[in-house]
Amino acid sequence: MSLRKETAGGAAKEDYTPVTYDPQYILMVNNLKKYFPVKGGMMSQTVGHVKAVDGVTFNLKRGTTMGLVGESGCGKTTTGRTILRLSGEKTGGQVLFNGKEIYDLSNKEMRAMRPKMQIIFQDPFSSLSPRLPVGEIIGEAVREHNLVPKAEFNDYIDKVMDNCGLQPFHKERYPHEFSGGQRQRICIARALALNPEFVVCDEPVSALDVSIQAQIINLLKDLQEQYSLTYLFISHDLSVVEHISDTVGVMYLGNLVEYGKTADIFRNPLHPYTKALFSAIPIPDPNAKMNRIVLEGSIPSPANPPSGCKFHTRCANCTKRCQEEAPVQREVEPGHYVVCHLYDK
């Protein structure tokens, strides 16, 4: 059965086949779209839409980590925020969390669902209130959702902080008194205090130096094993993604152009964009020669994307078909999907 649906602001119409819930997946995203209106004219009318997320589809197994990579502005963060229903209403598609469509839930039902879905923001300073001590930052939502009895509250917060490498006496301090790495630990503790099942990690180590990055990555992996967490790990750092992820999705201009197991993606990248992206990974050998693929031009505007394949304006393998017809997702090898005409059978 296909649903035909008018998108927000009348931006477009779409046809998609609803997915059937599979219990092995904690998250099922089907043709997710998120458009933002562009206002113009004297009456500030909607004259177009920025297609930040334009038909993203993937499934995420419980207890695993999916890495989401791509250039700045490709829609990674918007995808994560739309999945968590933090960016208003979606434009189209499905987001099934434990079999429930997130956008069909009432405000009361969504409030009950919130503790199970958390996010670690990119900037560990601006995401923390400067007016609250650390203990209140971590425990505020715990108290709001009545997750533990009042008599056990302090001990519970102490335990969460200890699991994230923070000391009990840190509770009385304020965010500005901590280093970048410690602030990121506070952000992680705030998310884990609600005992979530799924966490969106929005570039959680990009603002940290390399030695602290390793500590935070190892902390996230240890906590995943301890609490059976599922991560959507958004990052620019491909070496970090390779280290922490079980599966990888590559985004370009709002679309997922390649998706598969981490080993398959890094061993055999298929999409021309993925090959160019991976060619930029530095090799820790001064004598090794890098075969860098340099893409011509810049990323087109998501408000006015090219016709056909969105990557054709920068692709060395572009054909006339690429300019006119948008490719569809194909499974080239088991569990390895790519959106490119080069692999049409």
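Predicted model: local features only at pLDDT ≥ 70, side-chain atom pairs only at ≥ 80, totals over all residues.

1. Residues are numbered from 1 along each chain as its sequence is written, and side-chain values use heavy atoms, with hydrogens and water left out.

2. Helices (H or I, at least four residues) and strands (E, at least two) are DSSP runs numbered from the N terminus, and two strands are said to pair if DSSP finds at least two bridges between them. On that basis, four strands make up an open sheet in the order 4-3-6-7, with antiparallel pairing, and its edges are strand 4 (45–61) and strand 7 (100–101), each of which pairs on one side only.

3. Within this sheet, strand 3 (residues 25–40) runs antiparallel to strand 4 over 13 bridges, and glycine 40 has glutamine 45 of strand 4 as its bridge partner. Strand 3 also pairs with strand 6 over five bridges, again in the antiparallel sense, and here asparagine 30 stands opposite glutamine 94 of strand 6.

4. Strand 6 and strand 7 run antiparallel and are joined by two bridges, with phenylalanine 97 having lysine 100 of strand 7 as its bridge partner. The hairpin of these strands has two residues between them, and asparagine 98 takes a positive phi near 55° there.

5. Six of the eight residues of helix 1 are buried, namely Lys76, Thr78, Thr79, Gly80, Thr82 and Ile83. Arginine 85, which follows helix 1, has a positive phi near 60°.

6. Helix 3 (residues 134–144) packs against helix 4 (residues 153–163) at an angle of about 115°, with the axes 10 Å apart. Contact means heavy atoms within 4.5 Å, and Val134, Gly135, Ile138, Gly139, Val142 and Arg143 of helix 3 meet Phe153, Tyr156, Ile157, Val160 and Met161 of helix 4. The residues of this contact divide into eight nonpolar, two polar and one charged, where Ala, Val, Leu, Ile, Met, Phe, Trp, Tyr, Cys and Pro count as nonpolar, Asp, Glu, Lys and Arg as charged, and the others, Gly among them, as polar.

7. A nonpolar core is a set of buried Ala, Val, Leu, Ile, Met, Phe, Trp, Tyr and Cys residues joined through side-chain atoms within 4.5 Å. The largest has 53 residues, and those with the most contacts inside it are Ile120, Ile138, Ile186, Ile188, Leu220, Leu223 and Phe233; helix 5 (residues 180–192) contributes its largest share, six residues. Apart from this core lies another, of 30 residues, among them Leu27, Val29, Val56 and Tyr103.

8. Where is histidine 170 found? Histidine 170 sits in the loop between helix 4 and helix 5 and is buried, with a relative accessible area of 7%. Leaving out residues up to four places away in sequence, histidine 170 touches Val134, Met161, Phe178 and Gln182.

9. Finally, strand 11 (residues 247–252) and strand 12 run antiparallel and are joined by six bridges, with glycine 249 opposite tyrosine 259 of strand 12. Two residues separate these strands in their hairpin, and leucine 253 in the turn has a positive phi of about 50°. Six of the seven residues of strand 12 (residues 255–261) are buried, so strand 12 is largely enclosed by the rest of the structure. Strand 12 also pairs antiparallel with strand 14 (residues 336–339) over two bridges, where glutamate 258 stands opposite valine 338.

How values were computed: Axes fitted to C-alpha atoms, helices over the stretch in contact; angles between N-to-C directions. Buried < 20%, exposed > 50% of the residue type's maximum accessible area, 1.4 Å probe, protein only.
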